[in-house]
Amino acid sequence: MSRALSRRSFLQAGTAVAAAATGALGALPASAATGTGPGLPRPTPASAPKIRWWLPIADTDPGELVREVDAIADAGIGGVELIAMSVPGVDAPTYGWGSPAWEDRVTTVLGAARARDLTVDLTIGPQWPASSPALDTDSPAAAQELVYGHARVAAGGTYDGPVPAPDPFDVGGGFGDTRVPGTPTLVALTAARLVDPAATAKPVLLDPGSVADLTGLLHDGAVTWTAPPEGEWLLFSFWRRGTGQVVSGARSVAHVVDHYAAAGTDAVVAYWDANVLTPALRRLLRQTGGDLFEDSLELQFVLPWTADLLAEFASRRGYALPKYLPVLLIQHLHAFTGNGPTPDSPADFDFPGDTGARVRNDFYQVLSELYETHHLDRIRAWAHSLGLKYRAQPGYGAVLDMASAARHVDVPETEQFFFGDNVDAYRAMAGTVHLTGSPVFSLETAPVLTAILQDAYGATWQRMLDIISLAFAGGVNQAVFHGFAYATAPGAQWPGWAPFAFPAGAPGPGFAEAWGPRQPSWRHMPDVTGYLARQQRVLRAGIPRVDLAVYRQSYWDTSHDRLFTDSAVARAGYSYEAVPPALLAQDLPVGSGLLAPDGPGYQALVIPAGTRLDVATAEALVELADRRLPLVVVGAPPDRTPYLDATSTDDARVRELMAQLLRGPRVVRVLGDADVPAALAALHVTPRVRPAEPVDLWSVTRQDQQAVYCWLFNPGPARVTTEVSLAATGTPYLLNAWTGEAAPLPRHRADGGRTVLPVDLPPSGTVLLAVAQPGAFGAAPSGPPITASTAEVAWSAAGTTLRATAPGSYGATYQDGTTGSVRITDVPAALTPTGWHLSVDDWRPGADAATTSVVTHELDLAELLPWPGIAGLEDVSGIGRYTASFDLPAKEWTGGRGAYLDLGTVFDTVRVTVNGHPLPPVDLRHPVMDLKGYLRGGRNTLQVEVSTTLRNRLRTLVPSQAATARQDYGLLGPVTVRPYGEALL
């Protein structure tokens, strides 16, 4: 997934081997001694990552809560999100969410957080979906579903008797949840003729012209109806009932509320007002509170319903729904199975052609509108009344328009668990985020290793950074770690309570990770969080700038969708994101050839192949074309609406509008996605970040009054070495997110209002750049730009310096064509430290579940090996400290000398000390450091401290971990010290 967010490095070493790539961004670190200034501002809690904090409801010690707040703050995390988790053995009426004990513990956390300048986010209820303990299954405000019963009636036959009872339906949830539905209430009665009476495979086809609404024939729960004389018929009854879905964690059973009716939201608010929000809590929320948070819609229905749906549908879609009810249901689509059917799966019953699909789209559209109006808008208004923002994972997990729903929350959030390693899944929501001006786009970061449920106590921060970086490439700019677990709870075993780590007998280690002081890597957390905080601050700066808007309309989550089926657009350098019809139809401004010029500033709009458009959106597209916005139509132009069009007038109007659109002067139609870059070039649409040739290099661009910021990411398996042309003029800077340093880059050239830089990024590599006025980040250029060089180039107070790791003559070319050269002599050869001593803190169970005992191992190593390959360390987890010494010649080690330290492969987090002096934080994805100023002639001592996961130890203790493979812990190397020499040009 994501990659390490910002390269510590920016200049390619000027060796003979790599001369062609010298000066490229991303290959080696910037000098710590020259050319840097104040750089990026220090991380603040507002820009730092957040963490989800699982509590065993209120069965907690106030003193321990304060200690855990301090641990979170000391780790550089900016906010916590409190989650009440039910635990066997903890009395829910006494300690559950909404109890006096819960209110007391939340008040304790808010007070402690205020003292440490942390924000506290509260979930919308005990867990999710939104619920209320004041409801029961049959309450009007509780979640409702529609089910059907049916009976066959022969041609000319008569049905005379009670209305068919509801058919049996599987009401299990996606994660083994069970529910007991409520008492059914009849909604409608219809009949339809079977197209093929012998058919059994789904969908069973019905004759659309035969469907009749028989609801008016009902009398005292019975019906008498005679079928027409042709064909075989089905008599359908449709019943509304409470879903019976409940959530745990509250002091009493909490029923999920109706998310499509105001009554459901009002039930949530009423319970909070009456049972949760004490005067003290209200006051502290205004002082310390951050967000009211709502997780993904893990709703469970046979078919979603609400009491007023028939009337709402007729009002919003212009036709009566009852006779179309038979074609609405796709089994398990609405049951949150995680990997079940999609809206394209076969329905139980359908009409020939696409009529059924169109009706279902109308149905999903009405549900989306009701959800936005009655749930999202009302919850947001209530959150604001408490002084909170509303952060939510809107729409997905249900069959709703996710991108449209994101307009109705303050902080839209995604999650890696569902979106996975598909960057376009994040881009599907990013357009809404950017067009509505939401400053924060959030990510629930739950590490997935090889498969779901294989993560607990095996996740690494390198993997976490991969996840986060990929999401950043999709527009995300806030990470919420999933999560931090309270120390202990009944039944917990070492290393402490972890609600998603499976107990003995479970099929795997568990889901997600329980970060915290009981993990060895926690001691290095300030390095990771500082790095992410600097990234997030830059990725929220000013306004986003995105090259392409891609039209997308869907009622399904985007975890498997791709906005383009071919990589040509991305490889050409174009950034892009999806824009939903709800925003296109709002008369978005066009200025200076850009769509939304004061926002993302799209240079063109792409209409993908297979798109269907409603009339309002088609009219909006024609208006954009008339305002000379470039448009690219892929494949056959849209020729119909996605919704029911009984008279075909809307379809005809769409075709008419598309013919008008294609006559536009800046509209191009292409056969496929691979042809889009050429069409954009013909329209003079140039990427803001343009590589010299097609490569796997993704970019994010932001712009404020100080600078244009560019974040680059190599998502592919191969190294990327190229030049990039940035649509900005000024002095380019490398912004080092690990250290906060900023360095002006001498290696660049101006080219027609753009700035051209070399880039050299390994797989998963990233680099963060800014183009600004000289001195913008406290460091000014000390010479003219260099356009080519055979050595690494840096600016120092004395002027332009060339640096090389081998003796020889080196030169550089200035932008005006003049050249200069230097000779670098007496550069010691690269060396590999040997004679390593390894001291290991072996973490083992202590006196109780939350206590760790440490056994120390001291070993002298003949070579660097993974711990499982070292006798005595096969199943050890903890902290390792590697120490080695190496000699540098005192004669040559004078001014103008330094060295690069390359650690090679390291598991997992790492810190380095040289001659007793700690180095700045290490880039975990590219652990290469500049040792200038830390070395001396003669003997030098190097210490490398690494952390591990707890998997290797837990394999020997916990049955659910036993089948997992050992992880290759430690410093694996090869470790290399590469001296360099410097000379003023």
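Reply: Start with a crossing. Helix α1 passes α3 in a right-handed crossing. This is a predicted model. Helix α1 covers residues 62-74, and its axis comes within 9 Å of the axis of α3. The two axes cross at roughly 35 degrees.

Now look at who touches whom. From α1, the contact uses Pro62, Leu65, Val66 and Val69. From α3, it uses Arg105, Thr108, Val109, Ala112 and Ala113. Sort these residues by class. The contact of α1 with α3 has seven nonpolar residues, one polar and one charged.

Next, turn to the other partner of α3 in this tour. Helix α3 spans residues 100-115, and helix α5 spans residues 279-288. Their axes come within 10 Å and cross at roughly 30 degrees. An angle under 35 degrees counts as roughly parallel. That is why α3 is described as roughly parallel to α5. The crossing of α3 and α5 is left-handed, whereas α1 crosses α3 in a right-handed way.

Again, list the residues. Helix α3 brings Val106, Thr107, Leu110, Ala113 and Arg114 to this contact. Helix α5 brings Leu281, Leu284, Leu285, Gln287 and Thr288. By class, the contact of α3 with α5 has six nonpolar, three polar and one charged residues. Find Ala113 in the model. Ala113 of α3 takes part in the contact with α1, and Ala113 also takes part in the contact with α5.

Follow the chain past α3. Strand β3 covers 119-123 and strand β4 covers 131-132, with proline 129 in the loop between them. The peptide bond from tryptophan 128 to proline 129 is cis, with omega near 0 degrees. There is another cis bond to find. It runs from lysine 202 to proline 203, and its omega is near -5 degrees. Proline 203 sits in the loop between β7 (185-193) and β8 (204-205).

Two other loops hold a backbone detail. Histidine 332 is not a glycine, yet its phi is positive, about 70 degrees. Histidine 332 is in the loop between α6 (309-317) and β16 (349-350). At 30% relative accessibility, it counts as partly exposed. Serine 764 also has a positive phi, near 70 degrees. Its loop joins β36 (755-761) and β37 (766-772). Serine 764 counts as buried, because its relative accessibility is 10% and buried means under 20%.

One more stop, in a strand. Threonine 856 belongs to β44, residues 852-860. It is partly exposed, with a relative accessible area of 45%. Leaving out residues up to four places away in sequence, threonine 856 touches Ser839, Val840 and Asp841.

Finally, step back to the whole protein. It has 19 helices and 53 strands. Its radius of gyration is 31 Å, close to the 30 Å that the globule rule gives for 985 residues, so the protein is as compact as a globular protein of that length. The C-alpha trace spans about 110 × 75 × 55 Å along its principal axes. Of the 985 residues, 62% are buried. Take the contacts with a separation of 6 or more: 79% of them join residues 24 or more positions apart.

Conventions. Residues numbered from 1 in each chain as written. Predicted model: local features only at pLDDT ≥ 70, side-chain atom pairs only at ≥ 80, totals over all residues. Heavy atoms only, no water. Axes fitted to C-alpha atoms, helices over the stretch in contact; angles between N-to-C directions. Helix = DSSP H or I, 4+ residues; strand = E, 2+ residues; numbered from the N terminus. Parallel < 35°, antiparallel > 145°, perpendicular 65-115°, else oblique. Left-handed = near helix turned anticlockwise from the far one by under 90°. Contact = heavy atoms within 4.5 Å. Nonpolar A, V, L, I, M, F, W, Y, C, P; charged D, E, K, R; others polar. Rg over C-alpha atoms; globule rule 2.2 N^0.38 Å. Buried < 20%, exposed > 50% of the residue type's maximum accessible area, 1.4 Å probe, protein only.
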